Amino acid sequence: MAIDRKEFIKQTWIGWITGIVSPLLGFYIFVRIYFDKQSLPEVLQMFIERNVLTHAISLSVIINLVFFFGFLKSNRDAAARGVLGATFLYVFVVLFLKLF
């Protein structure tokens with residue numbers, strides 16, 4: 001079943017937003033559970049000092065798999081495309097942080 005252009009763009013944006021927000025939310029929940037005595041900036045600074053920030057970002061993005069396959073399963077291919085695009089954005093962020 002084909003969707004019109006306007007609906008395609010709307011679904012793609014839903015995917016992008018989901019793909020960007022869900023890893024951030026997952027990371028925040030992780031920090032609140034395991035580092036409840038420290039503030040978020042303190043935890044980020046600790047990750048930078050220990051050189052594990054890129055690892056934490058990469059692990060946070062795994063949640064996008066759930067949304068990607070969920071969108072595909074529900075035949076929302078445009079939203080899945082948006083999640084994939086947001087995931088690649090995180091890939092470039094990690095590469096940038098690793099190289100510079």
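Predicted model: local features only at pLDDT ≥ 70, side-chain atom pairs only at ≥ 80, totals over all residues.
Reading from the N terminus, the elements go α-α-α-α-α. As for dimensions, the C-alpha trace spans about 50 × 30 × 20 Å along its principal axes. The chain has 100 residues, and buried ones make up 30% of them. The accessible surface is about 7,300 Å², and carbon and sulfur atoms account for 71% of that.

Okay, on to H1. This helix covers residues 5-34, so that's 30 residues, and from its first C-alpha to its last it reaches 44 Å, close to the 44 Å expected at 1.5 Å a residue. Which residues of H1 are buried? Going along the helix, we have Gln11, Thr12, Gly15, Thr18, Gly19, Ser22, Pro23, Phe27 and Val31. A quick reminder if you're looking at that spacing: an α-helix has 3.6 residues a turn, so residues three or four places apart point the same way. And what do the buried residues of H1 pack against? Helix H2 (40-49), helix H3 (53-60), helix H4 (63-73) and helix H5 (77-99).

Now let's zoom in on one pair, H3 and H5. They pack at an angle of about 170°, and their axes are 10 Å apart. Angles over 145 degrees count as roughly antiparallel, so that's how H3 sits relative to H5. On the H3 side, the contact is made by Leu53, Thr54, His55, Ile57 and Ser58, and H5 brings Tyr90, Val94, Leu97 and Lys98.

Last stop, the loops, and two asparagines. Where is Asn51? You'll find it in the loop between H2 and H3. Asn51 isn't a glycine, yet it has a positive phi of about 60°. Is Asn51 buried or exposed? Its relative accessibility is 56%, and the cut-off for exposed is over 50%, so Asn51 counts as exposed.

Then there's Asn75, in the loop between H4 and H5. Asn75 also has a positive phi, about 60°, although it is not a glycine. With 69% relative accessibility, Asn75 counts as exposed.

That's my tour, so over to you.

How values were computed. Residues numbered from 1 in each chain as written. Heavy atoms only, no water. Helix = DSSP H or I, 4+ residues; strand = E, 2+ residues; numbered from the N terminus. Expected span 1.5 Å × (residues − 1). Buried < 20%, exposed > 50% of the residue type's maximum accessible area, 1.4 Å probe, protein only. Contact = heavy atoms within 4.5 Å. Axes fitted to C-alpha atoms, helices over the stretch in contact; angles between N-to-C directions. Parallel < 35°, antiparallel > 145°, perpendicular 65-115°, else oblique. Areas by Shrake-Rupley, 256 points an atom, 1.4 Å probe, with all protein chains shown as cover.
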